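Please look over the sequence and the model below before reading on.

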Amino acid sequence: MFHMKLNNSPTSKVQYNGFTFYVKRDDLLDSRFNGNKARKLYSFLTHSLDDIDTIISYGGVQSNAMYAISELAKLKQKKFIYYIKQLNKTIQVNNTSNYLLSVQNGMQTLELLNNYTMVTQNLSAKPHELIIKQGGAEDYAKHGLQQLANEINDWFISNNFKKLNVFIASGTGTSAIYLQQYLHHNITLYTANCVGSPEYLFQQWNTLGFYSNYPQILANTKYRFANLYPELLITMLNIQQQTNIEFDLLYDSVSFQLIMENLPIFTDKPFLYIHCGGTVGNHSMLQRYAHLAKK
Ligand SMILES: *Cc1c(COP(=O)(O)O)cnc(C)c1O
(Lines give C-alpha, C1' and ligand atoms only; values in the text may rest on other atoms or scores of the structure.)
Protein backbone atom coordinates (compact mmCIF):
# COMPACT_ATOMS: atom_id res chain seq x y z
CA MET A 1 0.00 0.00 0.00
CA PHE A 2 1.35 3.43 -0.84
CA HIS A 3 2.06 5.92 1.87
CA MET A 4 -0.78 7.54 3.80
CA LYS A 5 -0.27 9.71 6.82
CA LEU A 6 -3.10 8.63 9.10
CA ASN A 7 -1.74 9.37 12.57
CA ASN A 8 0.86 11.24 14.65
CA SER A 9 -0.21 14.71 13.58
CA PRO A 10 1.83 17.63 14.95
CA THR A 11 0.64 20.24 17.46
CA SER A 12 0.94 24.02 16.88
CA LYS A 13 0.95 26.76 19.51
CA VAL A 14 -1.05 29.79 18.38
CA GLN A 15 -2.62 33.01 19.63
CA TYR A 16 -5.96 34.59 18.86
CA ASN A 17 -6.87 37.99 20.35
CA GLY A 18 -4.44 37.38 23.21
CA PHE A 19 -5.68 33.84 23.94
CA THR A 20 -2.84 31.34 23.65
CA PHE A 21 -3.77 27.76 22.84
CA TYR A 22 -2.62 24.64 21.02
CA VAL A 23 -4.00 23.09 17.85
CA LYS A 24 -3.80 19.37 17.12
CA ARG A 25 -3.17 19.44 13.39
CA ASP A 26 -5.22 16.55 12.10
CA ASP A 27 -5.76 18.77 9.05
CA LEU A 28 -2.19 17.83 8.12
CA LEU A 29 -2.99 14.13 7.86
CA ASP A 30 -3.45 12.64 4.37
CA SER A 31 -5.46 15.22 2.40
CA ARG A 32 -7.91 12.64 1.08
CA PHE A 33 -8.96 11.57 4.56
CA ASN A 34 -7.85 14.43 6.69
CA GLY A 35 -9.06 15.31 10.11
CA ASN A 36 -11.31 13.08 12.06
CA LYS A 37 -12.44 11.21 8.93
CA ALA A 38 -8.93 9.75 8.71
CA ARG A 39 -9.33 8.72 12.34
CA LYS A 40 -12.84 7.35 11.84
CA LEU A 41 -12.01 5.40 8.69
CA TYR A 42 -8.68 4.21 10.06
CA SER A 43 -9.83 0.58 10.51
CA PHE A 44 -11.05 0.35 6.92
CA LEU A 45 -8.01 2.08 5.51
CA THR A 46 -5.67 -0.33 7.22
CA HIS A 47 -7.60 -3.49 6.33
CA SER A 48 -7.89 -5.12 2.93
CA LEU A 49 -11.73 -5.30 2.68
CA ASP A 50 -11.25 -8.27 0.34
CA ASP A 51 -14.71 -9.68 0.95
CA ILE A 52 -16.43 -6.37 0.12
CA ASP A 53 -17.27 -5.13 -3.38
CA THR A 54 -19.69 -2.29 -2.59
CA ILE A 55 -19.69 0.43 0.05
CA ILE A 56 -23.03 2.07 0.85
CA SER A 57 -23.55 5.23 2.85
CA TYR A 58 -25.97 8.14 3.10
CA GLY A 59 -26.23 11.69 4.38
CA GLY A 60 -25.76 15.28 3.24
CA VAL A 61 -24.47 16.31 -0.17
CA GLN A 62 -21.79 18.57 1.34
CA SER A 63 -20.60 15.92 3.75
CA ASN A 64 -16.89 15.57 4.49
CA ALA A 65 -17.54 11.94 5.43
CA MET A 66 -19.01 11.30 1.98
CA TYR A 67 -15.89 12.65 0.32
CA ALA A 68 -13.60 10.64 2.59
CA ILE A 69 -15.57 7.45 1.88
CA SER A 70 -15.35 8.15 -1.86
CA GLU A 71 -11.57 8.28 -1.49
CA LEU A 72 -11.66 5.06 0.52
CA ALA A 73 -13.75 3.37 -2.19
CA LYS A 74 -11.44 4.59 -4.93
CA LEU A 75 -8.34 3.47 -3.08
CA LYS A 76 -9.80 0.03 -2.35
CA GLN A 77 -11.41 -0.22 -5.81
CA LYS A 78 -14.92 -0.68 -4.47
CA LYS A 79 -18.21 0.55 -5.85
CA PHE A 80 -19.61 3.40 -3.74
CA ILE A 81 -23.34 4.08 -3.56
CA TYR A 82 -24.49 7.14 -1.62
CA TYR A 83 -28.12 7.84 -0.76
CA ILE A 84 -29.20 11.45 -0.50
CA LYS A 85 -32.50 13.09 0.10
CA GLN A 86 -32.33 15.65 -2.67
CA LEU A 87 -29.59 16.95 -4.91
CA ASN A 88 -29.15 20.68 -4.54
CA LYS A 89 -28.43 22.25 -7.94
CA THR A 90 -25.97 24.86 -6.63
CA ILE A 91 -23.85 22.13 -5.11
CA GLN A 92 -24.01 20.06 -8.25
CA VAL A 93 -22.50 22.75 -10.45
CA ASN A 94 -19.81 23.83 -8.03
CA ASN A 95 -16.77 22.00 -9.34
CA THR A 96 -14.78 22.08 -6.12
CA SER A 97 -17.45 20.77 -3.82
CA ASN A 98 -17.18 17.58 -1.84
CA TYR A 99 -20.00 16.31 -4.02
CA LEU A 100 -18.27 16.78 -7.36
CA LEU A 101 -14.96 15.48 -6.04
CA SER A 102 -16.79 12.39 -4.81
CA VAL A 103 -18.54 11.88 -8.16
CA GLN A 104 -15.15 12.16 -9.84
CA ASN A 105 -14.00 9.38 -7.54
CA GLY A 106 -16.77 7.19 -8.93
CA MET A 107 -19.48 7.75 -6.32
CA GLN A 108 -22.98 6.91 -7.54
CA THR A 109 -25.75 8.90 -5.90
CA LEU A 110 -29.35 7.92 -5.51
CA GLU A 111 -31.88 10.62 -4.73
CA LEU A 112 -34.59 9.19 -2.46
CA LEU A 113 -36.76 12.26 -1.80
CA ASN A 114 -39.68 11.24 0.47
CA ASN A 115 -38.36 7.69 0.91
CA TYR A 116 -35.02 8.86 2.32
CA THR A 117 -35.68 8.28 6.03
CA MET A 118 -37.44 4.98 5.54
CA VAL A 119 -34.74 3.56 3.26
CA THR A 120 -31.71 4.80 5.22
CA GLN A 121 -33.07 3.66 8.58
CA ASN A 122 -33.71 0.16 7.26
CA LEU A 123 -30.53 -0.59 5.37
CA SER A 124 -29.15 -4.06 5.78
CA ALA A 125 -25.98 -5.27 4.16
CA LYS A 126 -26.08 -8.06 1.60
CA PRO A 127 -23.02 -10.29 1.34
CA HIS A 128 -20.10 -8.30 -0.08
CA GLU A 129 -21.63 -5.00 0.96
CA LEU A 130 -20.35 -2.64 3.62
CA ILE A 131 -22.78 -0.09 5.04
CA ILE A 132 -21.29 2.96 6.70
CA LYS A 133 -23.83 4.95 8.68
CA GLN A 134 -24.21 8.69 8.14
CA GLY A 135 -21.00 10.47 9.08
CA GLY A 136 -19.29 7.19 9.92
CA ALA A 137 -21.16 6.85 13.21
CA GLU A 138 -19.96 3.32 13.77
CA ASP A 139 -18.21 1.24 16.37
CA TYR A 140 -15.17 0.67 14.11
CA ALA A 141 -14.39 4.38 14.49
CA LYS A 142 -13.06 3.73 17.98
CA HIS A 143 -9.71 2.36 16.79
CA GLY A 144 -8.60 5.54 15.07
CA LEU A 145 -9.95 7.71 17.90
CA GLN A 146 -8.14 5.65 20.50
CA GLN A 147 -4.96 6.37 18.55
CA LEU A 148 -5.80 10.10 18.60
CA ALA A 149 -6.39 9.92 22.37
CA ASN A 150 -3.03 8.17 22.84
CA GLU A 151 -1.27 10.93 20.91
CA ILE A 152 -2.95 13.57 23.07
CA ASN A 153 -2.19 11.69 26.30
CA ASP A 154 1.49 11.34 25.36
CA TRP A 155 1.69 15.02 24.47
CA PHE A 156 -0.04 15.97 27.74
CA ILE A 157 2.41 13.90 29.79
CA SER A 158 5.52 15.01 27.93
CA ASN A 159 4.55 18.67 28.52
CA ASN A 160 4.17 18.04 32.27
CA PHE A 161 0.73 19.62 32.29
CA LYS A 162 -1.32 18.99 35.44
CA LYS A 163 -4.66 19.46 33.70
CA LEU A 164 -5.75 20.05 30.12
CA ASN A 165 -8.92 21.09 28.33
CA VAL A 166 -9.46 19.61 24.89
CA PHE A 167 -12.11 20.59 22.35
CA ILE A 168 -13.44 18.62 19.37
CA ALA A 169 -16.41 19.74 17.27
CA SER A 170 -19.38 17.40 16.90
CA GLY A 171 -21.49 16.51 13.93
CA THR A 172 -22.69 13.01 14.72
CA GLY A 173 -20.73 13.14 18.00
CA THR A 174 -18.92 9.90 17.15
CA SER A 175 -15.44 11.38 17.38
CA ALA A 176 -16.13 13.12 20.69
CA ILE A 177 -17.65 10.13 22.46
CA TYR A 178 -14.87 7.71 21.52
CA LEU A 179 -12.18 10.22 22.30
CA GLN A 180 -13.76 10.72 25.72
CA GLN A 181 -13.34 7.01 26.50
CA TYR A 182 -9.58 7.02 26.03
CA LEU A 183 -8.35 10.39 27.28
CA HIS A 184 -6.21 10.69 30.44
CA HIS A 185 -8.33 11.34 33.56
CA ASN A 186 -6.80 14.79 34.04
CA ILE A 187 -8.00 15.86 30.63
CA THR A 188 -11.49 17.38 30.22
CA LEU A 189 -13.09 17.06 26.81
CA TYR A 190 -15.48 19.70 25.48
CA THR A 191 -17.55 19.60 22.32
CA ALA A 192 -20.28 21.64 20.64
CA ASN A 193 -23.35 20.45 18.79
CA CYS A 194 -22.73 21.89 15.33
CA VAL A 195 -25.33 19.83 13.47
CA GLY A 196 -28.28 18.94 15.71
CA SER A 197 -29.40 19.89 19.21
CA PRO A 198 -27.58 18.77 22.38
CA GLU A 199 -30.38 16.17 22.75
CA TYR A 200 -29.46 14.81 19.32
CA LEU A 201 -25.89 14.28 20.57
CA PHE A 202 -27.11 12.36 23.63
CA GLN A 203 -29.29 10.21 21.35
CA GLN A 204 -26.33 9.48 19.10
CA TRP A 205 -24.21 8.53 22.09
CA ASN A 206 -26.92 6.23 23.41
CA THR A 207 -27.19 4.61 19.97
CA LEU A 208 -23.45 3.94 20.09
CA GLY A 209 -23.95 2.34 23.53
CA PHE A 210 -22.87 5.17 25.85
CA TYR A 211 -25.08 6.28 28.73
CA SER A 212 -22.60 8.09 30.95
CA ASN A 213 -19.11 9.60 30.93
CA TYR A 214 -20.04 12.12 28.25
CA PRO A 215 -17.93 15.02 27.00
CA GLN A 216 -18.99 18.49 28.21
CA ILE A 217 -21.25 20.18 25.67
CA LEU A 218 -21.05 23.88 24.88
CA ALA A 219 -24.64 24.19 23.74
CA ASN A 220 -25.16 25.73 20.34
CA THR A 221 -28.70 27.10 20.20
CA LYS A 222 -28.20 29.71 17.52
CA TYR A 223 -26.35 28.47 14.46
CA ARG A 224 -27.98 26.07 12.04
CA PHE A 225 -25.61 23.76 10.26
CA ALA A 226 -24.27 25.02 6.93
CA ASN A 227 -26.32 28.21 7.09
CA LEU A 228 -24.47 31.46 6.43
CA TYR A 229 -23.64 33.83 9.31
CA PRO A 230 -21.43 36.77 8.32
CA GLU A 231 -20.25 37.20 11.95
CA LEU A 232 -18.89 33.64 11.91
CA LEU A 233 -17.05 34.26 8.65
CA ILE A 234 -15.45 37.40 10.07
CA THR A 235 -14.29 35.53 13.17
CA MET A 236 -12.82 32.76 11.03
CA LEU A 237 -10.97 35.18 8.76
CA ASN A 238 -9.47 36.86 11.84
CA ILE A 239 -8.46 33.53 13.36
CA GLN A 240 -6.91 32.43 10.11
CA GLN A 241 -4.96 35.66 9.83
CA GLN A 242 -3.66 35.55 13.41
CA THR A 243 -2.86 31.82 13.59
CA ASN A 244 -1.85 31.19 9.99
CA ILE A 245 -4.04 28.10 10.02
CA GLU A 246 -7.01 27.58 7.73
CA PHE A 247 -9.96 26.24 9.72
CA ASP A 248 -13.19 24.85 8.33
CA LEU A 249 -16.23 27.08 7.93
CA LEU A 250 -18.87 24.55 8.90
CA TYR A 251 -17.77 23.18 12.27
CA ASP A 252 -14.85 25.30 13.42
CA SER A 253 -16.73 28.57 12.90
CA VAL A 254 -19.50 27.58 15.32
CA SER A 255 -17.00 25.98 17.68
CA PHE A 256 -14.78 29.05 17.98
CA GLN A 257 -17.80 31.27 18.45
CA LEU A 258 -18.86 29.15 21.45
CA ILE A 259 -15.34 28.88 22.83
CA MET A 260 -14.97 32.66 22.71
CA GLU A 261 -18.35 33.12 24.40
CA ASN A 262 -17.21 30.76 27.17
CA LEU A 263 -13.59 31.88 27.28
CA PRO A 264 -13.20 31.95 31.12
CA ILE A 265 -13.61 28.14 31.11
CA PHE A 266 -10.61 27.83 28.82
CA THR A 267 -8.10 30.32 30.15
CA ASP A 268 -7.15 28.72 33.50
CA LYS A 269 -5.66 25.54 31.98
CA PRO A 270 -3.79 24.75 28.79
CA PHE A 271 -6.23 24.33 25.93
CA LEU A 272 -5.90 22.03 22.93
CA TYR A 273 -8.22 22.47 19.95
CA ILE A 274 -8.50 19.50 17.61
CA HIS A 275 -8.49 20.62 13.99
CA CYS A 276 -10.73 18.08 12.25
CA GLY A 277 -9.79 19.06 8.71
CA GLY A 278 -12.65 19.67 6.33
CA THR A 279 -11.13 22.70 4.66
CA VAL A 280 -11.81 21.14 1.25
CA GLY A 281 -15.39 22.37 1.73
CA ASN A 282 -14.36 26.01 2.37
CA HIS A 283 -14.32 26.98 -1.27
CA SER A 284 -18.02 26.32 -1.75
CA MET A 285 -18.85 28.06 1.56
CA LEU A 286 -16.86 31.14 0.46
CA GLN A 287 -18.70 31.15 -2.86
CA ARG A 288 -22.00 31.09 -1.00
CA TYR A 289 -20.85 33.98 1.22
CA ALA A 290 -19.76 35.95 -1.85
CA HIS A 291 -23.14 35.30 -3.44
CA LEU A 292 -24.90 36.46 -0.26
CA ALA A 293 -22.80 39.66 -0.16
CA LYS A 294 -23.89 40.52 -3.71
CA LYS A 295 -27.58 40.38 -2.79
C1 LIG B 1 -17.06 15.30 10.30
C2 LIG B 1 -16.50 16.49 10.95
C3 LIG B 1 -16.76 16.80 12.30
C4 LIG B 1 -17.72 15.99 13.15
O5 LIG B 1 -17.35 14.67 13.40
P6 LIG B 1 -18.37 13.68 14.13
O7 LIG B 1 -17.57 12.50 14.48
O8 LIG B 1 -19.45 13.35 13.14
O9 LIG B 1 -18.94 14.37 15.30
C10 LIG B 1 -16.16 17.93 12.83
N11 LIG B 1 -15.36 18.73 12.09
C12 LIG B 1 -15.10 18.47 10.79
C13 LIG B 1 -14.24 19.40 10.03
C14 LIG B 1 -15.66 17.35 10.19
O15 LIG B 1 -15.40 17.10 8.89
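## The largest cavity

About how much space lies in the largest cavity? About 50 Å³ of space lies there, where a cavity is a set of points, on a 1 Å grid over the protein atoms alone, at which a 1.4 Å probe fits but cannot get out, and where a volume is the space filled by probe spheres set on the points, which are joined across faces, edges and corners. The lining, that is, the residues with an atom within 4 Å of a point, is made up of 13 residues, and the closest of them to the centre are Arg224, Ala226, Asn227, Leu250 and Val254.

This is a predicted model, in which local features need pLDDT of at least 70 and side-chain atom pairs count only at pLDDT 80 or more, while totals for chains, interfaces and linings use all residues. Residues are numbered from 1 along each chain as its sequence is written, and side-chain values use heavy atoms, with hydrogens and water left out.

At least two lining residues of the largest cavity come from each of α11 (252-261) and α13 (282-294); helices (H or I, at least four residues) and strands (E, at least two) are DSSP runs numbered from the N terminus.

The residues lining the second largest cavity divide into 4 nonpolar, 2 polar and 2 charged.

Strand β7 runs parallel to strand β8 (residues 187-192), with 4 bridges joining them, and parallel to strand β10 (residues 271-275), with 3 bridges; two strands pair if DSSP finds at least two bridges between them. Leu164 stands opposite Ile187 in β8, whereas Phe167 stands opposite Tyr273 in β10. Together with helix α8 (residues 174-182), β7 and β8 make a right-handed β-α-β unit, right-handed meaning that, with the strands pointing away from the viewer, the path from the first strand over the helix to the second runs clockwise.

## Selected residues

Thr11 has its place in strand β1 (residues 11-16) and counts as partly exposed because its relative accessibility is 30%. Leaving aside neighbours within four places in sequence, Thr11 is in contact (heavy atoms within 4.5 Å) with Tyr22, Val23, Lys24, Trp155 and Leu272. Asn36, in helix α1, is buried, with a relative accessible area of 8%, and, with the neighbours within four places again left aside, is in contact with Ser175 and Cys276.

Two further residues lie in loops. His128, between α6 (116-121) and β6 (129-132), has a positive phi of about 75° although it is not a glycine. Asn160, between α7 (142-158) and β7, has a positive phi of about 55° although it is not a glycine, and counts as exposed at 67% relative accessibility.

Notes
On a 1 Å grid over the protein atoms alone, a cavity is a set of points where a 1.4 Å probe fits but cannot get out, and a pocket is an open set with protein on both sides within 12 Å along at least five of seven lines; lining residues have an atom within 4 Å of a point. Ala, Val, Leu, Ile, Met, Phe, Trp, Tyr, Cys and Pro count as nonpolar, Asp, Glu, Lys and Arg as charged, and the others, Gly among them, as polar. Buried means under 20% relative accessible area, exposed over 50%, partly exposed in between (1.4 Å probe, protein chains only).
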